[in-house]
Every structure is written in structure tokens, then in C-alpha cells.
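Here are some notes for a colleague who is opening this model for the first time. They are meant to be read beside the sequence and the structure.

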Amino acid sequence: MFREESGQITVYLALIFFVSMGLAFCVLEGMRSYMESTLAEDAFQGAGNYVLSYYDKALYQNYHVFFMDPRERGQIVSDGESYVDDYLSEKSYFDLDCRELAVTEEKTAVDEDGLYLKHQIREWMKYRESARARQKWRKLFEASEKSRAEAETIEKDMGEAQKAIDEASSSEDSKEKENLPVASEAAKEQQALSKRRGMQWKEIKDTFTQIMDAGILFYVIDNTEEVSGLSISSEALPSGKKASEKKGFLEGGLSFSSVEGWKNLLSSVKEELPEINLSVDDYYILRYISEYFRRYGNEKEGKSGLRYETEYLIGGEVEDKENLKAVANRIFGLRFASDYAYLSGDSEWKATSAAISGALTGVLGFPQAQKAVQVLLTASMSLGEALLDVHAIFSGQKVPLYKSKDTWNVTFDNIAVLLKNKGPVKTGGKGSAGYEEYLNLLLAVGKSSERRLFRMMDIMQVNTALEEPGFLMEDSLFSFRWEGKIKSSRWFSVMPATGVRGDQSFTIELSRNYSY
């Protein structure tokens, strides 16, 4: 019996030997497949980082944003395949081969309304700035809200003035009043005073007309020969993808003989000052613009397509001179609204303007138009004050945001002289703002943050193209997706102990997103 049972274990082991070997080889094959997949993933990830290392160096050095060099975009696939093949051949004895690699879901700088540029600016400025960024701009926004309210007040006054003029024009006895004889010496004196006032008013009006004919810019800048004449081509600019915008106020000039002209000015001021609802990203972008973009009076070294880059973000014109003109017009509009709001509420000026307007309308026989003339006188004085303010701002001085009796400059007697000599004016003091502050205000109240971002990309593209001809922001990738297949051979083409034949290779399919 002993001899009959002694071979059972041997027989059992012999029976399960091939099955055990098969299971062992399956485990080894699984481990090998897992190692190959991991190696393929490492190669894929390294290839993506390798391609991203070809970021545009000039763009980063000047603006601290990462986008792929457009010259690398056409070589993403070839460079990726080369990196994967080199990695697999040098790092392992496994037989792996990159058979397919495709780039999909490319995201460029101009996609998503400039979202990727905004993201990078925010991250960079978070690194540079602290949480006090929001507080730094609060005063500017409060100034904008007050200016918008002032513009509404002035527009209401203009409407009343227009109504008074209409009533005076429709008066049946207006012509008879013009021909009434002078009945007394007092009337003669009043008539003589009115003529002198009328002559002085004509001189002031002529001065305004000359200034506006030449343009506000040529009045507020003393040496116009120093104004930059640089311009850029509008072709292939990122902002060209955005809808064209309405021209700013004063683009077509201003008539001082028509109340309607003043009303158009004030309505334009209101359009330039919409409700303010800026995000944290917008605060960082404003600070970023102030630090990395050129502006009038702050010349930076290096090549540039435009000298007045910040002004371009506001004006959107291809010429430096036109952008500077647009900024001067907008600052003038803000100053005019603020100055008119103060003067129209000053009791001393109310009495003076009432007397002057009464004298002017009395001699002409249009007493119904006294209110209208008084409003126009107030607007004209405010215009003169605003012109002097803007000249001081462009000269590097700071003027009070809101005028008082101590900081007001012009009177009916000295306005012609002050305008001719361009000052002097009272500047400085608490609550004053200079050119940079007004630029920040105009940027903050712009109608479209997306348009501002696209104009920033315009400047980035133009300046980078000076070093890299043909550079386009729309060809600069921020992210992309790779889809690839890596082929691997098997150890066994026949399953041990079973005889089942399988493919001699298998494919590893990979898909990864890469971004800065």
C-alpha cells in the first residue's frame, strides 16, 4: 500500500506544473505591460513639458506671460515623436515604438476673449502685488461716479437753456423790442456796458474757436514737434477680431454757438462713464498696464511700435498722435463736467453771470433768453478752466479733482489772458490727480474689458514682431492636447499550457492636456 500511494504528490505536481507556469508568466506579462504603460506615460509627459519649454522668450522678458513660440507650433508633432522615441530607447530595454501622435484642442492667446492672457496677468500680479490692490483704485472709481452725476446735472441745465432759447425765438414781439429807442441815460449806459461785454464775449468765443479748430491736443502740449509720429499697421491685429467701437467725444469738434453741441458733449461724457463693476482681475490688469506699458511722459528704453501704448488702449487708433488726441479729449470732458458742477453752484458766480446775461439779452431785446445765456456763460467759463486744467495735467502737474473758491482760476475779466498765456493755474494740494491717475481712470471706466485685453495683445504682438518678424498672438499656444499610440511587443505570442495564440504586440493609447 505504501508503494502504491507514494507517487501521488509527484503526479499532482506534474499535472499542475504547466498551469502554474502559465499563471506565473501571465503575472510577469502583466507586470511588464504595466511597466511599459508607465514608461510610455512618463515619455508622453516629458515630451509635453519639452515642447512647452519653447515658450516665446521675448514675450516673457517684456510682459512676463507664457505662450508658445509660434515658430515651434508647426514642429510640435515631430519634436514630440522624437522626444518619445529617444526617451523609450534610452531609458528602457522594452521594445516600445511611438506609432501615432496628434495635436488637438489647441488654445491660443486670442481664444475665449483673452481669458488665458488675463489668467497669466492675474497670477503674475498676485506674485507681485498684495491684497491692497483693490483699495489703491477705489478713489478713482469714486471720482468716476461723481463725474457721471455731474454730467447728468449739466445736461439738464443745457436742456433748460435750449428751452429758453426756443421760447425767445417764438416770441411775437421780439423784433419790436430790438427796435425800441433808448429812453434814458441809464439805458444808454446799460447799452454801452452791454456792447463792451459783447465785444469781450466775442473775443473769448473767437479764442475758443481757434483752439478747437487747431485741436485740444495742440493747445495742451507746448511743443507739438515732440509728439510721436509713430504708427502701426492694422492688419492681423488681435483687436481686429472685435467689433468696431463708436468714436469718442469731441472727435468731430465742438460748436460753441449751439446748445445742442454742448448737450452732445455731455451725453458723450456720460457714455464714457458707465456703471463701475470691476473684478479683482481688472484691478490687477490696471496695475499691470501701469507697470509694463509705455505712456506719454514715461518713455522706456527699447524698441516699440508705438510710444504711447497706454493711450492706444484707450483710443485704439493706429497713430500715436491720434491716440494722444483721444486721451486729451476725454480728460477735457471729465474736467469740464467737474468744473461746470462747481461753478454752476457758486453763489458769487450766479450773481455775476445773471448780471452779465441780463445786460447782453437786454440790449438785444431777448430777456426770455437770459437763462440760456447764463448757462452758456457758465459753460464757457468752465470750458476755459478745463482747458487750463488739461494743459497743466499734460505738463506733469496735478490739479484738484474738484474745484473750490481757492483753486478756481478764470474770471470773465482774465479768461482771455489766461487762455492766451496757458496759465498760470493753481495746482497740487489734497485730492489732486495728474496724467497717470487720469489714464487709470479712463482705463477703469472703459466699456469693454475684452477690448482692452485685445488691444494689450496688439501692443505685445507689434513689439515682439520687432524682434521676431511675423510673430502673431493668434499662433501663440497656451495649451494643447496630445493623443497618441505607442506600440509594444509581447514576450509570448502563445499562451503557455493552452496553446492559445495572441497578437505579438499591443497598443498603449494615451491622451493628455498640456498648458502653461
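1. At roughly what angle do the axes of helix α12 and helix α19 cross? The axes of α12 (residues 280-292) and α19 (residues 449-465) cross at roughly 30 degrees and come within 12 Å, where axes are lines fitted to C-alpha atoms, for helices over the stretch in contact, and angles run from 0 to 180 degrees between N-to-C directions. That makes α12 roughly parallel to α19, on a scale in which angles under 35 degrees count as roughly parallel, over 145 as roughly antiparallel, 65 to 115 as roughly perpendicular and the rest as oblique. Helices here (H or I, at least four residues) are DSSP runs, numbered from the N terminus.

2. The model is predicted, so local features need pLDDT of at least 70 and side-chain atom pairs count only at pLDDT 80 or more, while totals for chains, interfaces and linings use all residues. Residues are numbered from 1 along each chain as its sequence is written, and side-chain values use heavy atoms, with hydrogens and water left out.

3. The contact (heavy atoms within 4.5 Å) between α12 and α19 is made by Asp282, Ile285, Leu286, Tyr288 and Ile289 of α12, together with Ser449, Arg452, Leu453, Met456 and Met460 of α19. These residues divide into seven nonpolar, one polar and two charged, with Ala, Val, Leu, Ile, Met, Phe, Trp, Tyr, Cys and Pro counted as nonpolar, Asp, Glu, Lys and Arg as charged, and the others, Gly among them, as polar.

4. Helix α12 also meets helix α18 (residues 435-444), and the axes of these two come within 11 Å and cross at roughly 140 degrees. That makes α12 oblique to α18. On the α12 side the residues are Leu286, Ile289 and Ser290, and they meet Glu436, Asn440, Leu443 and Ala444 in α18; the contact divides into four nonpolar, two polar and one charged.

5. Helix α18 is largely enclosed by the rest of the structure, because eight of its ten residues are buried (under 20% relative accessible area, with a 1.4 Å probe and protein chains only). Among the buried residues are Asn440, Leu443 and Ala444.

6. The confidence of the prediction, pLDDT (from 0 to 100 for each residue), has a mean of 77 over the protein chain, with 68% of residues at 70 or more. Confidence is lowest in helix α8 (residues 174-178), at a mean of 45, and highest in helix α13 (residues 309-315), at 94. Over residues 172-183 the pLDDT stays under 50. Where pLDDT is low, the predicted coordinates should not be read in detail.

Technical notes:
Buried < 20%, exposed > 50% of the residue type's maximum accessible area, 1.4 Å probe, protein only.
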